[in-house]
Every structure is written in C-alpha cells, then in structure tokens.
Amino acid sequence: MPMKFAIGQRARLGIGLLLPQSGLYAGVGQSIANGLNLALAKTSGRLAGREVRLIIADDGSDAATAAANAQRLIQVEKVDVLVGAVHSDSAQGMVKVARDRAIPIIIANAGWNAATGAFCAPNLFRTSFTNWQVNWPMGKVAVDRNYRRVATITWRYTAGTEMIGAFEENFTRLGGTIVQRIQMPFPQMDFAPHLATLAAAQPDAIMAFFAGAGARQFITDYAQSPLKDVPLLGPGFLTEGVRDLPAAEGILTTLHYANALNMPANRRFRAQYSETYGRPADVYAVQGYDSGQLIAHAVEAMKGDTVNRAGLITAMETARIDSPRGSFILSKAHNPVQDIYLRQIRNGEEIVLGIAQRALADPATGCKMAK
Ligand code: BEZ
C-alpha cells in the first residue's frame, strides 16, 4: 500500500539556506552550501522520492538581516527545514524568529553557545560546534606547553567573546595568566597597531580568533609584526584555507575537524568534494555536508512526511552521523558530542598532533531539555 500524505507532501521539499552572500564570511557560506549539495547529490537531489529545492537567503552577518530573511523563508517560501547561519549574531536573529515555528532549524556553523544552551528548543539542532567546545581544550594545551602568560585578540562580537572566554576559563583554572586582552570591532582588519600593543605585554603566546578573509589578513600581518616569533594559538578557523601562506607555519589550533583525518568517510568526502568543486574541502564544507546528512536521515526515516514534525525531530535526535570528522551523535541539547583535534601547520601541511579532548559535550548551560 502506498503511504498516504497530507496535501502537498509529494511536492518538492524546500530547504532554506540562510548564509552570508557578501563580506568576510561569504566564502564560509559557499563552502557550507557546497557541502550540503554534495550530501544531497548522493540521492540525486531527491529525498524519499521528493525533489529537493534549495532557497538561499542572506544571513547578512547581523541579527536583523538574518531575522528578516529567516521569516521570509518560513512564511513566504514555506521551507520545510531551515539551515544557517555562519555568524553567531545572525544565528541569534534566526533563532529569535524561527524557534517557535516548529520547523527543524539546523545551525551549520555559528557557535553561539546559548543556541544549544539557554535558548535550546526541540526543533533547534546544530551540526557544527559551540564556541566554548572548540576553545576550552586549548587552555590545557597552552599550560602543557608551559605558556604561562598569554595575551588574546579577537573581534568584539558573540563568537569572539565566547571563544576567547572559553580558552581563558580553562587556562586560568590551570594556573595561566592573561596579560593583555584586545577586542576589535567586527569586521575591522586593521591589525598592526593592536599587534604592537600585544607585543608590549611580552606574552609567552597569543590566543586569537579570526575567521574567513579576516584570518588570512591577521596571519599575514602577524608574521610582519614584533610578535612574529611568539607562538600563535587559536581555534582551527584561524588556519582554514591559509596553508599556502608561509606565515601560517607553526600555528597551533584546536578544532572538531582536520583535513588529514585518516578515516574512510573523510577520504571519500575530500575526494568527492575536490572533484566536484575543484578545490579542497574545509571544516565549513564538512558542516554543510553533515547538515545534508542529518536532513536526509530524518526525511528518509519519515518516508518523506515532513508534516509530522515530531517524528522528524525524533529522527534527528536519534541520528548517528557518519561524518568526515568522525562519527558523532547529538547531545540532549542537540549539539554534536565530538572529538576536538590538536593540529599544527608544518611545512605547509595541517598535521594532526592528537586529540586535545575526546568526545567533548558542551555543558549546555541553561538548557532545560538537557536535564
Ligand atoms: C561565528 O560567528 O560563530 C563564527 C564565524 C566563523 C567561524 C566560526 C564561528
């Protein structure tokens, strides 16, 4: 007997993609979209027999644009699933308007802690990381390397504040001292004067978060600054797509992914990605790919019935994703429980030095579902 569906169920399945279309994070958004498309290509762009339609809108790298466009995707385009955003402030705008709409929302990058903390919700999922999760382990890495006096620099917005805050939390708990803190307005890239200020504090190492085109500029400027011989630490976003820069040599990072992971799922993914897009995959592409895998798993489990939201959500909650980063499940708060790798750029290659923290779950502070 063929399955019965509510009216329109055999119609196309709409996925709204809320990603930056311009600015420093445009490349990040493109990688996420590429990764998602690659996952959908496995079933020739169809899920449970339904053709998939992607509708792209700008996350604007700010909360107001993201909120307006998320609303349009839901109310006007009537998407079945919403995927976004890159910027932590955009994620706040998106969550504000979409959280009570019952459609599944998948955060494919933004690390805003509270999305899977105080603002967690049954329909809100993340396939990426929390800002806390990828930076907290670096506190111990720094202490283990005998970096006792560290100075920090980042952009002054949610991601920067939370990432550096997580590092500081663990680093100072283990006896380290923060000797200087700099936060610059996003998306300012006038790094040179700030690097001089950091150097004056004579730190053992620098901890920095910048991403996208900003990371490239920061690393270039760092190598020409008085800090050039001071070890540079950061979350892995700092060295995404910059291996070609001689200035990236030696940078030590923690992240939930590494290009060199020697696992079948990663080798397959990287080969398909570079064959399809003519460029190497990055962590953002992995997150887009895993968002596609999560949607595919749930829609196939529900045999295409996306009107049954509760069923769709349960299927997502119980998924195990065979990710290029290593297989993962979602926590009760809907954030990946994942290994955090320690990586370093050596001779122009990103080397995996080991696992900084195994199966790390975000504490999900304030999330009632996590209890
Ligand atoms: C964020 O805003 O959450 C973010 C942006 C780029 C890379 C990582 C995190």
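## Surface and overall build

The protein chain has an accessible surface of about 14400 Å², and carbon and sulfur atoms hold 52% of that (areas come from the Shrake-Rupley method with a 1.4 Å probe, and for residues only the protein chains shown count as cover). Keep in mind that this is a predicted model, where local features need pLDDT of at least 70, side-chain atom pairs count only at pLDDT 80 or more, and totals for chains, interfaces and linings use all residues. Residues are numbered from 1 along each chain as its sequence is written, and side-chain values use heavy atoms, with hydrogens and water left out.

There are ten helices and 15 strands in the protein chain (both are DSSP runs numbered from the N terminus: H or I over at least four residues for helices, E over at least two for strands). The radius of gyration is 20 Å, close to the 21 Å that the globule rule gives for 371 residues, so the chain is as compact as a globular protein of that length. That radius is taken over C-alpha atoms, and the rule is 2.2 Å times the number of residues to the power 0.38. Along its principal axes, the C-alpha trace spans about 70 × 40 × 35 Å.

Of the 371 residues, 58% are buried (buried means under 20% relative accessible area, exposed over 50%, and partly exposed in between, with a 1.4 Å probe and protein chains only). Now for contacts, meaning heavy atoms within 4.5 Å. Among those with a separation of 6 or more, 69% are between residues 24 or more positions apart.

## Around strand 4

Strand 4 covers residues 81–84: V81 and V83 point one way, L82 and G84 point the other way, and all are buried. It pairs in the parallel sense with strand 1 (residues 13–19) over four bridges, and here I15 stands opposite V81. Pairing takes at least two bridges found by DSSP between two strands.

Strand 5 (residues 105–107) also pairs with strand 4 in the parallel sense, over two bridges, with L82 opposite I105.

## N266 and its neighbors

N266 sits in helix 8 (residues 264–277). With a relative accessibility of 1%, N266 counts as buried. Leaving out residues up to four places away in sequence, N266 touches Y257, A258, N259, A260, L261 and P324.

## Salt bridges

A salt bridge here is a side-chain nitrogen of Lys or Arg within 4 Å of a carboxyl oxygen of Asp or Glu, and the count comes to 13. One of them joins R181 and E168 at 2.8 Å, N to O. R181 lies in strand 8 (residues 177–184) and E168 in helix 5 (residues 158–173), so this pair ties together parts 13 residues apart in sequence. R181 is exposed at 52% relative accessible area, while E168 counts as buried at 13%.

Another links R343 and E240, whose closest N and O atoms are 3.8 Å apart. R343 is in strand 14 (residues 336–346) and E240 in the loop between strand 10 (232–235) and strand 11 (252–255), so the parts they tie together are 103 residues apart in sequence. Both R343 and E240 are buried.
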